[in-house]
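Here are my notes on this one, jotted down as I went through it. Have the viewer open while you read.

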Amino acid sequence: MKEDFIEENDLRMSKDRTILYGYSGEGGTRLDVPASIVEIAPRAFEGISSLQEVSLNEGLQCIGDYAFACTSIAKVRLPSTVKELGVCCFTVDDLFIDYFEPCHYAKMEVDKDSNHLRSDGQCIYKRREDNTEELLLCYNSQIATYEVSDNTVCIRKYAFLGCSKLKDIKLGTGVKWIEENVFRDCGLERLYIPANVQELSNVPFLTYWTKSGERYRISLHIDPENPYYFNVGWVIYKRENDGDTLLSCSSNETIITVQDGTTTIGEQAFAECSELEKVLLPNTVKTIKRGAFRLCESLNTIIALDDPRSDWQGLALPSSIETVEEYAFSGCNMKDV
């Protein structure tokens, strides 16, 4: 079987010399990307700590996920031709090792003639054909507050990863989509979701464990005029055509009453709510998704809202339940079923 790449000048490239896959030998301290390269593949130079400088060629269009993650590059200039930046493409830290440790990016400069990207000195934005923008990443991990431009329609995944000092952020009035893990390992204390937001991916990003063993929660408030989502305290719901889906609970309360009209308990919705002891379900719930109550170590009772056995402990699902997916109650403390 023939190889689908070539090795030239210690670099591994596609046969047409348009995609750069990484070093074919040991890494050096400086990399000059060949003029023919259009794309740098995901993880191409990840973990090469000796790499301190990179010169990107005019004509380069795409830099893949983690392409230069965990290198020693302190500063990089993005040519005017670059259209796409992958997740964590220029970070200088090991990722996801310690919570609340800053995820340092290289200082990033966008060519002034670029029609595809722009920088405001804190974040990199991608320009769209309809004159709106997507927020790709924040490369200043020291920011404490930030205001997303009103022209922004999407915040891409991991955009504010590791901004451990970020305490307050204002989302622009144009934001419609917030992708997964946008605020992972941030210091956010509160997050306000405007009425225009249509998609919140992986809402459990609002709660996670700190390295000291405490559960960190971001207080989320959804505009009452939002037609897609609403919150009741620390519990977040999504409005669906056939009923509401409970997406996430980050409450430290011991008893939670699920809203009437809820038809689905979402995947990982209550996962690791270690203080939770009792959940009351309405007779509208039909589906409990995978891992919904996973590792709720204190949870000893899930019972129908109208069940007369108010003092009973155990699992007694409403008669409306049609589907319970795997690991829904894994790690719970319920004895009677």
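1. How many helices and how many strands does the protein have? The count comes out at 0 helices and 32 strands. Keep in mind that this is a predicted model.

2. On overall dimensions, the C-alpha trace spans about 75 × 45 × 40 Å along its principal axes. The protein exposes about 15900 Å², and carbon and sulfur atoms supply 43% of that area.

3. Now for burial and contacts. Of the 337 residues in the protein, 50% are buried. If you take the contacts between residues at least 6 apart in sequence, 34% of them join residues at least 24 apart.

4. A word on charge: the protein carries 35 positive and 54 negative charges.

5. One residue I'd click on is Val285, which sits in the loop between β28 (278–281) and β29 (287–288). Is Val285 buried or exposed? Val285 counts as buried because its relative accessibility is 0%, and the cut-off for buried is under 20%.

6. So what does Val285 touch? Setting aside neighbours within four places in sequence, Val285 is in contact with Thr262, Thr263 and Ile265, and also with Ser320 and Ile321. As for Ile255, this residue is 30 residues away from Val285 along the chain, and the C-alpha atoms of the two are separated by 18 Å.

Key. Residues numbered from 1 in each chain as written. Predicted model: local features only at pLDDT ≥ 70, side-chain atom pairs only at ≥ 80, totals over all residues. Heavy atoms only, no water. Helix = DSSP H or I, 4+ residues; strand = E, 2+ residues; numbered from the N terminus. Buried < 20%, exposed > 50% of the residue type's maximum accessible area, 1.4 Å probe, protein only. Contact = heavy atoms within 4.5 Å. Areas by Shrake-Rupley, 256 points an atom, 1.4 Å probe, with all protein chains shown as cover. Lys, Arg positive; Asp, Glu negative; His and termini not counted. Charge placed at Lys NZ, Arg CZ, Asp CG, Glu CD.
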